[in-house]
Amino acid sequence: MRDPILTILNGGSQTTLQDAGRPGYRHLGIPKSGAADRLSFALSNFLVGNSWDAPALECTLGGLHIRFEKATRIALSGAEMWAQINGQNVETNRALPVNKGDILTLSFARIGCRTYIAIEGGLIGEPFMGSVSTYTPASLGGIEGRAVRSGDKFHCAEMENIGSQSLPTGYAPILSRHIVLRARSVSEWSWLTPEAKRYMYTSPFITTPDTDRMGARLIGDHIGLINKTPLTSSPILPGTLQIPPDGKPILAMIDGHCTGGYARALQVITADQWLLGQIAPGSPISFRRCVVEEASDILRGRNAFYAGIMPGFWF
């Protein structure tokens with residue numbers, strides 16, 4: 001095999017290899033997975049001239065140190081982390097040349113949770129069901145199905161590449177420390193008490209420390225249920241908000257379970273699900289009401305907007 005393109009010196013809090021995921025297998029209990037923030041992942045690839053879904057590294061909360069073994073181009077998109085190459089600050093959302101021996105460091109995340117590091121040509125991982133995305137609960141994809149660690153080496157896939165590009169004005173996502181998610185009421189919304197229905201759209205929630213790629217437990221006003229009948233396990237998706245008997249909602253993330261046994265109150269609209277990847281432990285979250293027709297219009301508009309620069313991209 002060719003020489004590696006980079007070596008991991010420190011994997012940080014959690015860094016994994018991700019692509020656009022493996023859709024179509026939820027009936028087998030396998031979530032789609034893939035990049036938690038699909039938009040930032042795609043933009044990092046766009047900047048270095050890759051197809052939007054080329055495998056890239058996803059760094060959660062910082063701490064990642066990389067040494068490049070060859071000259072190449074990279075791009076960082078997503079959470080605002082203190083990023084440096086050889087001790088010099090670098091910006092996100094732009095293509096950056098690196099030389100053999102250069103060291104990239106990402107410190108703590110100041111805004112957001114996950115930063116994507118795309119390499120010109122894309123990276124190679126272990127494919128499973130058509131994807132190299134790392135799904136750590138089942139040890140699938142990536143490198144042995146786990147987060148990267150010191151000494152791991154990655155090789156460049158050398159996919160078709162059209163050269164580095166600049167991000168047009170208005171295409172860079174704007175992140176906030178307080179994440180607002182547009183959502184619509186779903187199956188068991190009617191099970192909520194009148195007070196809980198009001199709190200859901202008016203009160204902020206805070207995520208607990210055990211927030212990860214599978215889900216986030218939310219702390220805030222108590223979300224009570226009128227109907228406490230046990231629910232047969234039913235399908236859930238990334239962005240489904242379940243209400244357990246203790247009144248502390250659970251928000252499903254990109255690696256979340258395919259079924260759940262709690263009342264389903266809200267579903268984050270598809271166009272906003274990329275924001276789930278920027279939810280860190282301790283993040284304030286609010287929900288804004290959205291109806292089905294509005295959600296469809298928003299999705300069509302957002303897909304068309306970004307597909308204009310990234311052919312084939314969809315949220």
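1. Between domain 1 and domain 2 of this predicted model, the count of salt bridges is one. A salt bridge is formed by Glu58 with Arg213, and the closest N and O atoms of that pair are 2.9 Å apart, which falls within the 4 Å cut-off for such a contact.

2. Polar contacts between domain 1 and domain 2 come to nine residue pairs, where both partners have pLDDT of 80 or more. On the side of domain 1 that touches domain 2, at least two residues each are supplied by strand S2 (14-18), helix H1 (38-47), strand S5 (72-85) and strand S8 (103-119). Of the elements on that side, H1 gives the most, contributing four residues. By residue class, the side of domain 1 that touches domain 2 divides into 11 nonpolar, nine polar and six charged residues.

3. As for the division itself, domain 1 spans residues 6-156 and domain 2 spans residues 179-308, and the C-alpha centres of the two domains lie 26 Å apart. The contact draws 26 residues from domain 1 and 21 residues from domain 2.

4. The area buried between domain 1 and domain 2 is about 1,600 Å², with 57% of it on carbon and sulfur atoms. Within domain 1, the residues that lose the most area to domain 2 are Arg26, Leu39 and Arg114, which together account for 36% of what that side buries.

5. An unreviewed UniProt entry carries the annotation "domain: Carboxyltransferase" for residues 27-306.

Key
Residues are numbered from 1 along each chain as its sequence is written. This is a predicted model: local features need pLDDT of at least 70, side-chain atom pairs count only at pLDDT 80 or more; totals for chains, interfaces and linings use all residues. Side-chain values use heavy atoms; hydrogens and water are left out. Domain bounds come from an automatic or database domain assignment. Contact means heavy atoms within 4.5 Å. Buried area is the accessible area (1.4 Å probe) that two parts lose on being put together, summed over both. A salt bridge is a side-chain nitrogen of Lys or Arg within 4 Å of a carboxyl oxygen of Asp or Glu. A polar contact is a pair of N or O atoms within 3.5 Å; within protein, one must be able to donate a hydrogen and the other to accept it, and residues adjacent in sequence count only if both atoms are side-chain atoms. Ala, Val, Leu, Ile, Met, Phe, Trp, Tyr, Cys and Pro count as nonpolar, Asp, Glu, Lys and Arg as charged, and the others, Gly among them, as polar. UniProt positions are given in the numbering used here, feature names are shortened, and annotations may be inferred rather than shown by experiment.
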